[in-house]
Amino acid sequence: MQELTKKLIAEAESFTANTLEQIEEFKIRFTSKKNGELTKLFNEFKNVPVDQKKEFGQQINKLKEIVNEKINTLKEALEDQNTETGKLDLSAPADSNTIGSRHPISIVRNQILDIFKRLGFVVSEGPEIEDDWHVFSALNFPDEHPARDMQDTFFLERNTDVLLRTHTSSIQIRVMENQKPPIRTINPGRVFRNEAISARAHCIFHQIEGLYIDENVSFADLKQTLLYFAQEFFGADAKIRLRPSYFPFTEPSAEVDVSCSLCGGKGCKVCKGTGWLEILGCGMVDPNVLEANGIDSKKYTGFAFGMGIERITMLKFGVNDLRLYFENDVRFLKQFKSVIQ
Ligand code: DAH
């Protein structure tokens with residue numbers, strides 16, 4: 001018996017295989033429950049004299065280990081070889097592709113642009129690195145306006161007027177320089193302000209600017225355009241309200257609230273009990289702005305509006321921390337997979 005076991009151990013140790021079938025044959029020969037070599041040896045165990053039982057048992061266990069290990073290593077080697085030589089198992093189920101998702105800011109930007117495109121607005125963009133003229137002077141900002149201060153604006157070089165735009169209103173000026181009225185333009189872009197980063201403020205964010213200039217453009221056109229936008233974006237039940245405000249580049253100016261879509265205007269935590277949420281600033285283009293850009297303010301009038309994309313995204317998706325937009329945490333981004341655009 002001992003002799004046979006040793007022989008089998010030697011055989012198992014030196015066994016090699018080139019195909020799965022050979023490995024399978026080896027497995028059956030040794031491990032088959034019915035008449036495999038191991039089963040046969042275990043069956044012999046009772047006939048072995050008591051003083052030899054211990055050694056015999058150890059030998060059988062050793063053989064069992066060698067056989068199992070042999071089967072595993074030969075299988076692995078064969079699999080490696082198959083992948084290396086391109087002999088892939090074409091019937092194996094394919095790994096599913098990991099599909100990315102759009103950033104929520106891009107989703108909302110595209111949705112807003114699409115709504116205005118349907119009204120005939122044409123998308124234009126402008127540079128992020130700007131100068132004083134396009135960001136402030138041409139927009140009728142007085143010299144002493146606080147927005148011109150280093151506190152709010154990132155200047156790129158000392159004693160120059162090269163700066164990062166603080167709003168997308170500068171694109172209005174770029175468009176007026178290059179086009180004659182009628183003008184209907186919608187301008188998305190990234191803007192920069194010298195703010196400490198927190199859940200509610202960031203030094204980089206996104207805006208969309210709109211400008212419409214033609215003969216006889218009135219405040220009623222502005223209101224109707226914004227109502228159309230609100231109902232397309234927030235739903236057919238959305239209402240808007242305009243509150244008087246001030247911007248240097250529009251006169252009169254207004255801030256626009258939309259009825260809170262979460263509570264339907266009844267008042268909740270998000271709208272702080274008011275039933276309204278502020279979404280944008282707007283107004284009739286100040287004649288000074290038209291004249292500064294070579295447009296006859298006697299002949300033409302226009303309206304403009306500007307909104308923050310982060311804020312509107314927050315209202316749409318309930319994202320309440322601005323920092324999440326910039327951290328690129330895939331767990332955050334993956335949540336927007338199902339939203340197409
Ligand atoms: N530029 C303004 C801001 O950044 C937003 C704005 C308000 C744009 C009124 C406009 C407007 O075109 O008419 O806060």
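This is a predicted model: local features need pLDDT of at least 70, side-chain atom pairs count only at pLDDT 80 or more; totals for chains, interfaces and linings use all residues.
The buried residues of α1 are Gln2, Thr5, Leu8, Ile9 and Ala12. Looking down the axis of α1, these buried residues fall within an arc of 125°, so they line one face of the helix. The length of α1 works out too: its 13 residues (2-14) should span 18 Å at 1.5 Å a residue, and the end C-alpha atoms sit 19 Å apart, which agrees.

Helix α8 can be read in the same manner. Buried along α8 are Leu222, Thr225, Leu226, Phe229, Ala230, Phe233 and Phe234. Because they take up an arc of only 135° around the axis, they end up on the same side of α8. Ala220 and Gln224, on the other side of α8, are exposed. As for what covers the buried residues of α8, the list includes the helices α5 and α10, along with strands β6 (240-247), β7 (250-259), β8 (276-285) and β9 (301-308).

Two of those covering elements, α5 and α10, also meet each other. The axes of α5 (residues 104-118) and α10 (residues 309-317) come within 9 Å and cross at roughly 100°. Angles of 65 to 115 degrees count as roughly perpendicular, and that makes α5 roughly perpendicular to α10. On the α5 side, the contact is made by Pro104, Ile105, Ile107, Val108, Arg109, Gln111 and Ile112; α10 brings in Ile309, Glu310, Ile312, Thr313, Lys316 and Phe317. Sorted by class, this contact has 8 nonpolar, 2 polar and 3 charged residues.

Turning to the loops, the one between α6 (132-135) and β3 (162-164) holds aspartate 161. With a relative accessible area of 38%, aspartate 161 is partly exposed, since that value lies between the 20% limit for buried and the 50% limit for exposed. Leaving out residues up to four places away in sequence, aspartate 161 touches Glu130, Asp131 and Asp132. Aspartate 161 and isoleucine 71 are 90 residues apart in sequence, and their C-alpha atoms are 75 Å apart in space. Asparagine 159 is also placed in the loop between α6 and β3. Its backbone has a phi near 60°, a positive value in a residue other than glycine. At 80% relative accessibility, asparagine 159 counts as exposed.

A positive phi turns up at lysine 272 as well, near 50°, again in a residue other than glycine. Lysine 272 is found in the loop between β7 and β8. Its relative accessibility is 65%, so lysine 272 counts as exposed.

Finally, there are cis peptide bonds to point out. One joins proline 181 and proline 182, with omega about 0°. Proline 182 lies in the loop between α7 (169-178) and β4 (183-192). Another runs from glutamate 251 to proline 252, where omega is near -5°. Proline 252 has its place in strand β7, and β7 is among the elements that cover the buried residues of α8.

Conventions
Residues are numbered from 1 along each chain as its sequence is written. Side-chain values use heavy atoms; hydrogens and water are left out. Axes are lines fitted to C-alpha atoms, for helices over the stretch in contact, and angles run from 0 to 180 degrees between N-to-C directions. Helices (H or I, at least four residues) and strands (E, at least two) are DSSP runs, numbered from the N terminus. Angles under 35 degrees count as roughly parallel, over 145 as roughly antiparallel, 65 to 115 as roughly perpendicular and the rest as oblique. Contact means heavy atoms within 4.5 Å. Ala, Val, Leu, Ile, Met, Phe, Trp, Tyr, Cys and Pro count as nonpolar, Asp, Glu, Lys and Arg as charged, and the others, Gly among them, as polar. Buried means under 20% relative accessible area, exposed over 50%, partly exposed in between (1.4 Å probe, protein chains only). The expected span of a helix is 1.5 Å times one less than its number of residues. The arc is that of the directions from the helix axis to the C-beta atoms.
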